[in-house]
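Dear colleague,

Please find below the structure that I am handing over to you, together with its sequence. A summary of the findings follows it.

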Amino acid sequence: MLIIDSVSKDLGEFRLKNVSLSVGDSEYFIILGPTGAGKTILLETIAGIYGPDSGRIILNDRDITDVPAKDRNIGMVYQDYMLFPHLTVEENIGFGLKSRRADPDFIHGKVQESAELLNISHLLHRHPGTLSGGEQQRTAIARALVMEPDALLLDEPLSALDVKTRESLRGELARIHEATGTTIIHITHNFEEVFDLADRVAVMQQGSVIQVGTPDEIFRKPNSDFVADFVGMENLFSGEGSPGGIVTVEHLQIEVENGMPGPVSLAIRPEDIHLSKTAPPRNGKNILSGCVRTVRQTGGIVRIGVDAGLPFQVSLTRQGFEEAGVGPGDLVYLSFWPSVAHAYPPGDSGGT
Amino acid sequence: MKRRNASRFKAATVVVSLLIAAFIVLVLLGVVTHSPLDVFIECLLSEEIQFAIRLSILTSVISTLFCILVAVPVAYALARYTFPGKFLMNMVMDIPMALPPLVAGVGLLLFFGVSPMGKSLAAMGLTFVFTPLGIIMAQFFVNLPYMLRVARSTFQNVNPRYENVAKTLGCTDAQAFWRVTLPMSWNGLLAGAVITWSKGIGEFGAALMLAGATRMKTETLPLSLFLNMSTGKLEVGISAATILILISIVSLYVFERYGGSTHAY
């Protein structure tokens with residue numbers, strides 16, 4: 001269990017403001033946030049590169065706030081690998097065990113084991129400069145894992161890789177997590193990594209944690225305009241809520257899952273809205289009618305802008321789009337369950 | 001029309017470059033080819049030049065070692081840490097490089113000759129004025145900034161995240177430096193050492209002031225060149241100059257060869 005308790009750190013350019021998180025044993029915890037949100041300095045503070053200005057860090061019931069990095073047993077992997085260029089892959093992986101003055105035979109065995117886990121056994125004699133990006137990152141992960149760390153920190157580990165390598169290494173990360181049960185904290189901008197890997201997610205903005213939850217909670221039940229916008233809630237409206245579960249946006253009344261009185265923000269994911277040319281049966285759904293304004297093809301997804309009194313964005317798969325058979329100017333019906341319409345207090349900072 | 005202008009411009013710049021390059025080569029060739037080979041070899045084998053070569057190599061190697069010893073920690077501090085007075089310190093460290101060597105020499109002469117500290121050093125047996133020790137001191141003082149600047153930029157080119165990773169892998173600050181930063185800086189430091197050594201072996205002004213120009217006592221190659229040219233022994237002076245030219249060219253080559261690769265990381 002890793003507990004970050006009210007940690008603040010000001011490095012001038014980047015800062016942490018009163019960050020509190022707790023990460024369970026063997027949990028895969030992802031931190032999302034825009035550039036400059038303070039994600040890397042949070043990891044570096046956990047690793048012990050910086051001491052916090054205030055707050056405490058507790059790892060497995062031990063207060064490590066003032067423990068130097070070398071004695072924390074926390075592994076760190078950066079986006080750009082940071083493999084020691086003057087050492088071979090084998091020496092890189094064995095670097096930490098050598099610091100611990102382990103027996104050379106023991107180091108050799110452990111390095112082999114770790115290299116096998118990452119499928120880089122055939123590269124052990126090579127120097128990092130001769131490896132591909134994916135191979136370098138595997139080496140960096142092996143170098144951290146061979147120490148059997150109490151927590152493994154991954155700072156955008158897949159961001160520098162090409163799409164294909166990224167996907168295969170993402171699968172590897174899931175497999176390694178499964179096999180070793182290591183507690184992992186992983187920073188990313190990439191939503192696929194969140195859904196594929198994360199048990200829980202924290203969203204950071206300007207040095208603060210805004211929301212913590214399961215991927216589904218973060219993506220469907222944002223607690224603030226910032227999170228809603230960041231996770232791609234394209235239908236974001238402000239309206240007036242009522243305890244009965246109706247939000248009034250301009251003249252439209254939308255039934256939502258969670259009633260709350262007063263001014264609220266309302267968020268609906270574009271892929272949660274059904275679009276049809278004929279009016280669907282109500283069955284407890286929200287049904288709106290409107291006119292198609294724009295159709296944009298983006299890879300496998302078609303994004304349709306509909307003016308239903310409010311500007312709505314709907315995402316359809318290519319097949320769904322062909323079945324719907326709509327084009328600009330067509331009259332269409334939008335339908336969605338109250339459960340996908342999420343209301344939260346307006347503002348950028350989150351309710352907590 | 002436009003094209004012709006561009007090519008004329010190109011031609012003009014290239015011609016100037018060629019002329020200057022030719023000028024430099026001619027000047028150096030003039031020195032090297034001045035004396036016939038047998039005279040040159042005879043001078044080389046003369047006791048005086050032999051002495052100058054030995055003294056030059058000895059003093060420059062020692063002063064370079066001291067420069068490395070001092071520059072590595074100082075450059076690391078300036079590259080990695082923030083502390084009060086850092087900006088000023090950076091400037092102060094560079095002053096000896098900007099100073100005319102004669103002025104540096106006068107300063108050193110006064111410091112070691114008449115200041116209480118210099119006198120107490122002399123009392124302890126460390127006499128710098130008019131001794132070979134003074135040559136080492138003069139070379140050290142004037143050339144430290146070269147080593148320092150190269151070392152500083154070398155360390156700055158090593159991403160501190162390498163050290164961060166090393167620390168999470170069980171290293172203290174000092175071990176991270178020793179096991180990661182230093183080996184990664186090897187080429188840069190080597191290049192810096194070579195340029196410092198080559199500046200040291202050619203050091204004249206400051207050494208002349210502090211150590212004087214005593215034949216067969218503080219006579220390094222540049223001092224030998226100066227003494228023999230001023231006493232009309234042209235051939236001996238030129239043989240010293242030829243050696244200095246060869247040393248410069250070789251060091252420049254080594255510097256370019258290894259200095260350039262410091263940016264690889």
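This is a predicted model: local features need pLDDT of at least 70, side-chain atom pairs count only at pLDDT 80 or more; totals for chains, interfaces and linings use all residues.

Strand β17 of chain A, residues 301-307, pairs with β18(A) over 7 bridges in the antiparallel sense. Both strands belong to an open sheet of 5 strands in chain A, ordered β15-β19-β16-β17-β18, with antiparallel pairing. The edges are taken by β15 (274-276) and β18 (311-317) of chain A; each has a single partner strand, so one side of each is left without a neighbour in the sheet. From one strand to the next, the twist averages 45 degrees.

Turning to the domains, the assignment for chain A gives domain 1 (2-220) and domain 2 (225-344). Their C-alpha centres are 38 Å apart. Where the two meet, 8 residues of domain 1 of chain A are in contact with 7 residues of domain 2 of chain A. On the domain 1 side, β9 (200-205), β10 (208-213) and α7 (215-220) of chain A each supply at least two residues. The largest share of that side, 3 residues, comes from α7(A). By class, the domain 1 side comprises 5 nonpolar, 2 polar and 1 charged residues.

The contact between the chains involves 18 residues from chain A and 15 residues from chain B. On the chain A side, the elements that give two or more residues are α1 (39-47), β6 (74-77) and α2 (89-99) of chain A. This side of chain A has 11 nonpolar, 4 polar and 3 charged residues.

Finally, one residue of chain B may be of interest. Leu109(B) is located in helix α5 of chain B, which covers residues 101-113. Is Leu109(B) buried or exposed? Leu109(B) is buried, because 21 other C-beta atoms lie within 10 Å, and the threshold for that class is 20 or more. Apart from its neighbours within four places in sequence, Leu109(B) is in contact with Val129(B), Met209(B) and Leu210(B). By contrast, the C-alpha atoms of Leu109(B) and Val236(B) are separated by 29 Å, the two residues being 127 residues apart along the chain.

Yours sincerely

Definitions and conventions. Residues are numbered from 1 along each chain as its sequence is written. Chains are lettered from A and ligands numbered from 1 in the order in which they are written. Domain bounds come from an automatic or database domain assignment. Helices (H or I, at least four residues) and strands (E, at least two) are DSSP runs, numbered from the N terminus. Ala, Val, Leu, Ile, Met, Phe, Trp, Tyr, Cys and Pro count as nonpolar, Asp, Glu, Lys and Arg as charged, and the others, Gly among them, as polar. A residue is buried if 20 or more other C-beta atoms lie within 10 Å of its own, exposed if 12 or fewer, and partly exposed in between; C-beta atoms are placed from the backbone. Two strands pair if DSSP finds at least two bridges between them. Axes are lines fitted to C-alpha atoms, for helices over the stretch in contact, and angles run from 0 to 180 degrees between N-to-C directions.
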